[in-house]
Structures are given as C-alpha cells and as structure tokens.
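Please find below a note meant for a colleague who is meeting this structure for the first time. The points are numbered so that each can be checked against the model.

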Amino acid sequence: MTGKPKRRAEGAPVGRRAVLGMLGAGAAGLAAAPYLQRGWERFLAAASEHDATGLTGLLPNPGGFRYYSVVGSVPQKDETTYELRIDGLVDRPATYTLGDLRALPQTRVVHDVLCTDGWRVDRTPFEGVKLADLLDAAGVRSPGAAVRFTCFDGAYTESLTLEQARRADVLVALTMQDAPITHAHGGPVRLYVAPMYFYKSAKWLSGISVTDKVVPGYWEERGYAVDGWLDDADRHGEAA
Amino acid sequence: MRSTAGSTTRTGTARRPDATRGRTGPARRPHRVDRVRRFSTAERMVHRATGWLMLACLASAACLYFGPLAQLVGRRYLMVTIHEWSGILLPLPFLLGLLSAEFRADLRRLNRFAPYDREWLRAARRRRTEPGARPAGKFNAGQKLYAGWIAGAVLVMAFTGLLMWFTGLLPSISRTSAIFVHDVLAWAIAIVVIGHLCKAFQDPESRRGMRTGYVRRSWAERHHSRWLPRDRSDA
C-alpha cells in the first residue's frame, strides 16, 4: 500500500502544467487585451455586416447595447400613460406628458455610450429636452443643490449635482439613434448623461426631484461611484 | 399501547433485512467485490459543491449576459450577487477537500502523466473510441487535462472577476482588459463544462461512481485498465 502513491507519482506533472499554463495564458491575455480587443472589435464589425442571424451579438464585447434591469418586470408606458413629474425644491412643480415633452425645444447630443461592464456603442445620437430647460421652467429654490431621478420600474434611482444636471449634454431623451426610445432601452423617456458611464443615464424616467444634497442612486448604494465620469477610467486606459 | 405495538412491528420489519443481509452475507460477497470504491464521501461532496457553484455561476452569468434572458429575468442586482459569490466560493470546496487524504491522493493521480496517458491522447486524436485503444489509470488523460485546465481557468476568472468587482484593486490593469479576458474565458469554460456534462451523460457507470462512490469492477477494468490490476495484485 505504501508503495502505491509513490508509483503513482511517477510521470510528468501535466496537471500542474495545465494549471500554470492557464494562469500564464490569463496573464498574457490581460497584457494583450487592448490589442486583441481592437482586432476583435474590427472583426466583429466586419462580421456583423454579413451576419443575418445576429449571433455575433452573443460574442464577447459586441458592438451593441445590452439589456439591464434591476427588477423582474417593467410596466409599459406610452403617449396616453406616460408622465414625468418635476418637484422637490422648485417654485413650480409640474407634470409633463410625452406630448408636452415633444413640444419643447429638442437638443441633439452625439456621444459614445460606455457601460461599466465593458461594452460600448460609439457615436450614439440622442435627442430630447435639455434637463436644464426643465429645471429652469420649474425654478430651483434656494437650498436646492442636487437632482434625484426616479423611474417607473419602481426601483431604479439616480442622482446628479445641480451643476452636472445643468450641463448642455444632459438630456431627458426621447429618441435614440434617431428613433423613439423603445421599452427595452428605457423608453419612452430616459435620462442621457453623455459625459458619464451609462448607469447614470436612468431608464424609464418618471420623476425629477430637486434636493438639497445628493442622494446616492440604486447602484451607488451598491458600491458604484456617485460621479460616473467617463474620463478617469476607461478613457485613459484606452488612450494609453 | 398502540404505539408500542406499532414500534414492535416497525422494529421487526427493520430487523428483517438486516438479518437477511447477515445470513446471505457470504453469498453476496462476490457481488460486493464486483463493485470497486472509486470516490470517498469527501471527494463526492467536493465534486457536488463545486458542481452546484459552477452551475449557479454559469446560470447567473447567462442572465447577466444574454439580452433575451436578461429581459426575462431582470433583477440585475440579485443576479450580480449570485454570480459574484458563487464565483468567488468556487475554489472553497477544493480547499476544504485538501483536508482529505483520499482527495489529495486523487489530486496526485490527476497531476501525473504516465506513458499510457500519451497513448490515450493519441487514440483520442485519431478518434479511436474502443477502450482497448485508450489505456487509463484511475483517471484518463482527458480527465487529467480537464482537471488542470479548469482549475487554472477558475483562478483566472476569480482574478479578473475580482478586478471587476473591486475597481481600482490593481490600477495598472484596465477594467476593460479584465472584462475582455473574463468574457472570452467564460465562453471557453462554458463549452468545456458542457463537454464535461456530455461525457458524464454518455457514461451512467461513471456517474454512478460519482453519485455512490462505487463502480462495477468490469467497468473499471474496461475503461481504467491501469487502475485496478495493481489493486488486484495487492489483494
């Protein structure tokens, strides 16, 4: 019996080599990822042009949006049922229908959409009402310093400081890629905060409330940065 | 009174198979010898726990990754939590298993490649499926490679996963790179694990070995020809 394990121990340690080889491949993958990824994206872009099945959308890092929702199901809203409520520290609380929003001056913002999960959609056009216009119409009262967004999925929330909310590239968006925003993309109305990661752009927007300080949003309570600026993370990583 | 009566009959019925077993013990003996112990309880528990964790990890990954599934399931935070914890706990059963001498002995068997393992690989490359062409010890060459590869892959996934989980853990590695490696390797693991399941489905006796700990001697001699002869000579 005692001789048995010794006999078994003969031979090349292929198992260990497989483990170490895999670790090495992982490290090499991390080092080469920026180059591999660029080539991969180019390949995917070329492949998806000839791909009738849509299977390329399943491949790693596809050049497209992915569906995220924090709840099980989200009600559908349209022209007749959608409402956007603006209240909190404002002089004139208001409720906008979809028609009201469409009647206001529209602004177009074209910017790259980046998710913290690694997918991105370059140069995506959004169109809608500038959040600053809605805030001006409501009239922010003196202690008001931040904006809290609520959504009709019943769970998601987001936040911006008043200064961020007044930027020209922050929209209450009605269209994306020149078409009305679909339900899966957060329609009929979603927020679009162009300079920040996409989790800041709350889908299914139903409430805008001016508060005296920033109230962390859904993912921010779960560890995400309250300021989701794009420039500090991936943008630098890619430029390097 | 009634309960006493009930309990006596129950004891009676419980005793009968025991007595039978005792009486036919010697007669049944060849039957028992016919079965060979393949895995200890500890090993089977390690395998079962790892299997469930891997399944939870892959299923929650699918719910995060595939658009149609994500739309159906939603509940992103729950899925993220399941994915993160099932993933990071994956090595735990293995580590606990190291306390078992039998588990460590099997790890040594999985690690070492004997000359007949290369023969097994050659046969596999030539698509020769008859067991005679594929000599194997307690584990065949495919199982050895699978074990080593999946162990390394899980470690790489845990590392890149932690980089995504705790951003800024290692600022020199961009989050995009970690995600890229995590995504690509996830596909490889999904394919390999599905292959592992297919192999198990094709072989009920090997499944029985993992479920009960015992396999038929004839099966072992056929599929793991270099495992048992040594045991027999010991006996």
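**Notes on the two chains**

1. Helix H3 and helix H5 of chain B cross in the left-handed sense, a crossing being left-handed if the near helix is turned anticlockwise from the far one by less than a right angle, and right-handed if clockwise. H3(B) covers residues 41-65 and H5(B) residues 76-89, and their axes come within 8 Å and cross at roughly 145°. Axes here are lines fitted to C-alpha atoms, for helices over the stretch in contact, with angles running from 0 to 180 degrees between N-to-C directions. Helices (H or I, at least four residues) and strands (E, at least two) are DSSP runs, numbered from the N terminus.

2. The model is a predicted one, in which local features need pLDDT of at least 70 and side-chain atom pairs count only at pLDDT 80 or more, while totals for chains, interfaces and linings use all residues. Residues are numbered from 1 along each chain as its sequence is written, and chains are lettered from A and ligands numbered from 1 in the order in which they are written.

3. Which residues meet where the two helices of chain B pack? From H3(B) they include B:Leu53, B:Ala56 and B:Cys57, and from H5(B) they include B:Met79, B:Val80 and B:Ile82, two residues being in contact if their C-beta atoms, placed from the backbone, lie within 7 Å. The residues of this contact divide into 10 nonpolar, 4 polar and no charged, where Ala, Val, Leu, Ile, Met, Phe, Trp, Tyr, Cys and Pro count as nonpolar, Asp, Glu, Lys and Arg as charged, and the others, Gly among them, as polar.

4. Chain A has 6 helices and 11 strands. Five of the strands form an open sheet of mixed pairing, in the order E3-E2-E11-E6-E7; two strands pair if DSSP finds at least two bridges between them. Strand E3 (94-97) and strand E7 (157-161) of chain A stand at the edges with a single partner strand each, so one side of each has no neighbour in the sheet. From one strand to the next, the twist averages 15°.

5. Within that sheet, strand E11 (residues 205-211) of chain A pairs with strand E6 (residues 146-151) of chain A in the antiparallel sense over 6 bridges, with A:Thr150 bridged to A:Gly207 and A:Phe149 to A:Ile208. E11(A) also runs parallel to strand E2 (residues 83-88) of chain A, the two being joined by 4 bridges, and here A:Gly88 has A:Val210 as its bridge partner.

6. The contact between the chains takes 42 residues from chain A and 41 residues from chain B. On the side of chain A that touches chain B, helix H2 (14-49) of chain A is among the elements giving two or more residues, and H2(A) gives the most, with 15 residues. That side divides into 22 nonpolar, 12 polar and 8 charged residues. E1(A) and strand E2 (residues 112-113) of chain B pair in the antiparallel sense over 2 bridges, and A:Ala12 has B:Phe113 as its bridge partner.

7. How far can chain B be trusted? Chain B averages a pLDDT of 84, and 83% of the residues score at least 70, pLDDT being the predictor's confidence in each residue, from 0 to 100. Where pLDDT is low, the predicted coordinates should not be read in detail.
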